[in-house]
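Me: I would like to go through the labels used for this model and see what each one rests on. Please show the sequence and structure, then take the terms one at a time.

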Amino acid sequence: MTQPQPQPHPPTGPPRADAPGDGAQPEEADRLRALLRSPGYLRTLVFCAVIGIPVSLVAFWFLVALHQLEHLLWVHLPEVLGWSLPPWWWPLLLLPVAGLVVGLVFTRMAGAGGHVPAYGLHAGGASSKALPGVVIAALASLPLGAVLGPEAPLIAVGGGLALLFRDLVRKEATPQSTALLGAAGAAAAISVILGNPLIGAVLLMEVAGVGGPQLFAVMLPALLSSGVGALVFTGFGRWTGLEEGSLSLKLPGSFPHLDAGDVVWTLPMAVVIGVLVHMIFSGGRLAAAAVARRTLTASVLCALGAGACAALYAVLTDRSPADVASSGQGTMVQMAADPHTWGVGALVAVLVFKSVGYALCLGSLRGGPIFPALFLGAAAGVLLAPLPGFGVIPGMAAGMAASAAAALRLPVSSVVLVVLLLGSIAMIPVVILAAVIAFITAELLPARPGAPAPHEPDPTARAGARGPS
């Protein structure tokens, strides 16, 4: 008969943090060290730095093309025809063309021209096969007056180009490398349009929604590629002398000291902006649902409606319809430099008509949601600045942060973006306060109609399946 083996005594002291148990996962630090020592990850990291150069060069010329086309259509061509400003009916000609082209791309090309902006920014889903449709839809939407920005097409172009270069050099394709390269390419492309390489990396990380070692796995390639892209953008832009339309603000005077009035007025303003932006995106998703049912007709009608908003604004205010049409980047820069040139009537009109045009373009055309949201927040801040104890700069800072956070549902990225855009930390308290309150307000409101279920792909992914592969 065999004798029973003696059993070891259980440890009497506290368990070691690095002692693995049965089926226990390695500690976070050990997993990160293993990741950083992995030859495959290191090779991917080096490749991300290398592809940052060609991706940023392509993104540079893409932005230059968008900027030059917009200037041609909204400044040069009206001047050639004898108008100092575009006539009120100008957007009624341009925007339906954008709707027609995007509708054709949606139904006949792979990728459906990119994500529907009403569903927010997406870091995943980049594909080299979708690149032609993304470029055509963006070139048709943005220069022709879509109330959208260039950041979403840049994310798609950057990610798609990174994967295209990966395929050209026949680098092994794995799910991890595809995700990392897509994020790195997107960060390299988007870094300078937002004014700083840091915000590109932060934005892509928050969009991806990862944490722990996965956060570092995505952060390092995105940050590295974003920095390389910023260097290329800066050097190449100075060498060519061309304008690529990156976002920057020059506020009048010095930054004031915040006082109680700035904080008090920030609270209700952030709530109101959160509700307004939520309503805009709800309208955008209703427009997207209509486009999904009757693509070509609905795309043209929605674009025509956005053009009518710009035309009505021009008739009522005797200002340029470009204030409502397009992303609002140039108009926001002018407003920030000299906010006192805007009367109360013009501010109310631009908020109303641009909000409606923004909602229609979110569901029908292709572009990004950031720039129009920033403009609406800045305009709301200037409108409310005369309130007792409030100020123009605190109002614009809080308005932009609230609008960006409500639109993107990315509060950290919104705070970083606005602080870097202002070029000062003086407004950080009201920026954080406005972003958090607007974000919570938008989250507590009823769900936006047509919202995809958690982990469900963007509806364009299914629509794009109709196109050629």
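Reply: A term needed at the outset: buried means under 20% relative accessible area, exposed means over 50%, and partly exposed lies in between. The model is predicted.

Me: Why is tryptophan 89 called partly exposed?

Reply: Tryptophan 89 has a relative accessibility of 30%. That value lies between 20% and 50%, so tryptophan 89 counts as partly exposed.

Me: What makes tryptophan 83 and tryptophan 89 an aromatic pair, and what kind of pair is it?

Reply: The ring centres of tryptophan 83 and tryptophan 89 are 5.5 Å apart, and rings pair if their centres lie within 6.5 Å. The angle between the planes is 85°; over 60 degrees counts as edge-to-face, so this pair is edge-to-face. Tryptophan 83 is partly exposed because its relative accessible area, 32%, falls between the cut-offs of 20% and 50%. Ring pairs also link Trp83, Trp89 and Trp90 into a cluster.

Me: How many aromatic pairs does this rule give?

Reply: The count is 5 aromatic pairs. Phenylalanine 60 and tryptophan 61 form one of them, with 5.4 Å from centre to centre and 85° between the planes.

Me: How do you know whether phenylalanine 60 is buried or exposed?

Reply: Phenylalanine 60 has a relative accessible area of 1%. This is under 20%, so phenylalanine 60 is buried. For the protein chain of 469 residues, 51% count as buried.

Me: What is the secondary structure of the protein chain?

Reply: The chain has 17 helices and 0 strands.

Me: Why is H11 called roughly parallel to H13?

Reply: Helix H11 (residues 329–337) and helix H13 (residues 370–384) pack at an angle of about 25°, and their axes are 9 Å apart. An angle under 35 degrees counts as roughly parallel, which is why H11 is described that way relative to H13. The crossing of H11 and H13 is left-handed.

Me: Which residues meet where H11 packs on H13?

Reply: From H11 come Gln329, Thr331, Met332 and Met335. They meet Phe371, Leu374, Phe375, Ala378, Ala379 and Val382 of H13. By type, the residues of this contact are 8 nonpolar and 2 polar, with no charged ones.

Me: What share of the contacts with a separation of 6 or more joins residues 24 or more positions apart?

Reply: In the protein chain, that share is 81%.

Notes:
Residues are numbered from 1 along each chain as its sequence is written. This is a predicted model: local features need pLDDT of at least 70, side-chain atom pairs count only at pLDDT 80 or more; totals for chains, interfaces and linings use all residues. Side-chain values use heavy atoms; hydrogens and water are left out. Axes are lines fitted to C-alpha atoms, for helices over the stretch in contact, and angles run from 0 to 180 degrees between N-to-C directions. Helices (H or I, at least four residues) and strands (E, at least two) are DSSP runs, numbered from the N terminus. Angles under 35 degrees count as roughly parallel, over 145 as roughly antiparallel, 65 to 115 as roughly perpendicular and the rest as oblique. A crossing is left-handed if the near helix is turned anticlockwise from the far one by less than a right angle, and right-handed if clockwise. Contact means heavy atoms within 4.5 Å. Ala, Val, Leu, Ile, Met, Phe, Trp, Tyr, Cys and Pro count as nonpolar, Asp, Glu, Lys and Arg as charged, and the others, Gly among them, as polar. Rings of Phe, Tyr and Trp (its six-membered ring) pair if their centres lie within 6.5 Å; planes under 30 degrees apart count as stacked, over 60 as edge-to-face and the rest as tilted. Buried means under 20% relative accessible area, exposed over 50%, partly exposed in between (1.4 Å probe, protein chains only).
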